[in-house]
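Reader: I'm new to protein models and could use a hand reading this one. Can we go through it together, one question at a time?

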Amino acid sequence: MGLDKTVASAAEAVADIPEGASLAVGGFGLCGIPGTLIDALWQRGVGGLRVVSNNCGVDDWGLGLLLAAGRISRMTSSYVGENKEFARQYLSGELEVELVPQGTLAERLRAGGAGIPAFYTPAGTGTQVGEGGLPWRHAADGSVAVASPAKEAREFDGRPYLLEHGITTDYALVRATIGDRHGNLVFRSSARNFNPLAAMAGRITVAEVDHLVEPGELDPDEVHLPGVFVQRVVRVTPGDPAAERRIERRTVRQEGGS
């Protein structure tokens with residue numbers, strides 16, 4: 001596509017994602033999720049997706065839309081979150097789930113994007129994360145059909161560490177506040193979360209941006225993710241319902257409270 005990586009629409013941006021593709025998806029809960037791209041993928045109807053994301057949205061939003069439609073076959077995540085359908089599919093054997101310590105998941109994505117095949121970490125030593133046996137998939141009767149394998153362990157300076165593998169995926173979907181036509185991205189506050197890491201891990205990374213600017217308008221010191229990691233950029237249409245910023249769990253102070 002040359003230096004100008006912009007595409008006309010979210011539908012065009014995800015048009016070549018095939019059945020059974022692996023995806024790294026940015027966001028934390030509902031913060032910073034690429035809602036427009038997820039919606040476009042949901043409308044395409046492709047399934048069998050293997051998704052790597054911190055969680056799976058909520059029942060009616062974000063990745064939860066794909067999950068409820070039966071489009072996701074495997075999740076690599078840190079937690080189930082507020083998604084009851086996620087828990088139901090996992091416990092009934094409809095969905096394979098690899099639960100990963102959150103810091104380990106972040107580093108696996110970063111390592112994959114940096115070309116590092118594996119690394120050692122102390123996280124998970126002395127638990128089923130390292131020893132194996134975590135249920136990845138249940139059978140219909142509730143028994144464990146597929147369990148996690150044991151991980152290679154080594155000691156460094158008398159402390160045990162586990163070998164973890166870097167993650168790369170076919171595609172990555174992320175959301176940024178500002179992007180230029182070369183794919184350089186700027187994220188806003190906590191919406192930065194897993195987005196740069198997911199973008200690094202994808203072989204083809206698609207970014208939806210709230211504001212599209214021309215090359216040279218961004219100060220290089222402001223750029224959180226350089227365009228070398230991004231292949232496609234699509235501007236979010238103002239007022240697009242799919243781009244709505246929802247709050248996962250709204251908590252407000254009662255009037256008159258201390």
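Reader: Let's start with Arg-108: does it count as buried or exposed?
Author: First, a heads-up: this is a predicted model, where local features need pLDDT of at least 70, side-chain atom pairs count only at pLDDT 80 or more, and totals for chains, interfaces and linings use all residues. Residues are numbered from 1 along each chain as its sequence is written, and side-chain values use heavy atoms, with hydrogens and water left out. The cut-offs go like this: buried is under 20% relative accessible area, exposed is over 50%, and partly exposed is in between, using a 1.4 Å probe and protein chains only. Arg-108 has a relative accessibility of 9%, so it counts as buried.

Reader: And which side chain does the side chain of Arg-108 make a polar contact with?
Author: Arg-108 is found in helix α5, residues 102-114 (helices are DSSP runs of H or I with at least four residues, strands are runs of E with at least two, and both are numbered from the N terminus). A polar contact is a pair of N or O atoms within 3.5 Å; within protein, one must be able to donate a hydrogen and the other to accept it, and residues adjacent in sequence count only if both atoms are side-chain atoms. Here the distance is 3.2 Å, and the partner is Glu-98.

Reader: How confident is the predictor in the protein chain, as a mean pLDDT?
Author: pLDDT is the predictor's confidence in each residue, from 0 to 100. In this chain, 95% of the residues reach 70 or more, and strand β5 (residues 118-121) has the highest confidence, at 98. The mean pLDDT of the chain is 92.

Reader: Why is α2 described as largely enclosed, and how many of its residues are buried?
Author: The buried ones include Gly-35, Thr-36 and Asp-39, along with Leu-37 and Leu-41. α2 is largely enclosed by the rest of the structure because, of its 10 residues, the number buried is seven.

Reader: Within what arc do the buried residues of α4 fall?
Author: Glu-85, Phe-86, Gln-89 and Tyr-90 are the buried residues in α4. The arc is that of the directions from the helix axis to the C-beta atoms. Seen down the axis of α4, the buried residues line one face of the helix, because they fall within an arc of 130°.

Reader: Which residues are exposed on the other side of α4?
Author: The buried residues of α4 pack against α3, β3, β4 (96-99) and β6 (135-138). On the other side of α4, the exposed ones are Lys-84 and Leu-91.

Reader: What is phi of Asp-157 near?
Author: Most residues other than glycine have a negative phi. Asp-157 sits in the loop between β8 (153-156) and β9 (159-165), and at 85% relative accessibility it counts as exposed. Its phi is positive, near 55°.

Notes. Contact = heavy atoms within 4.5 Å.
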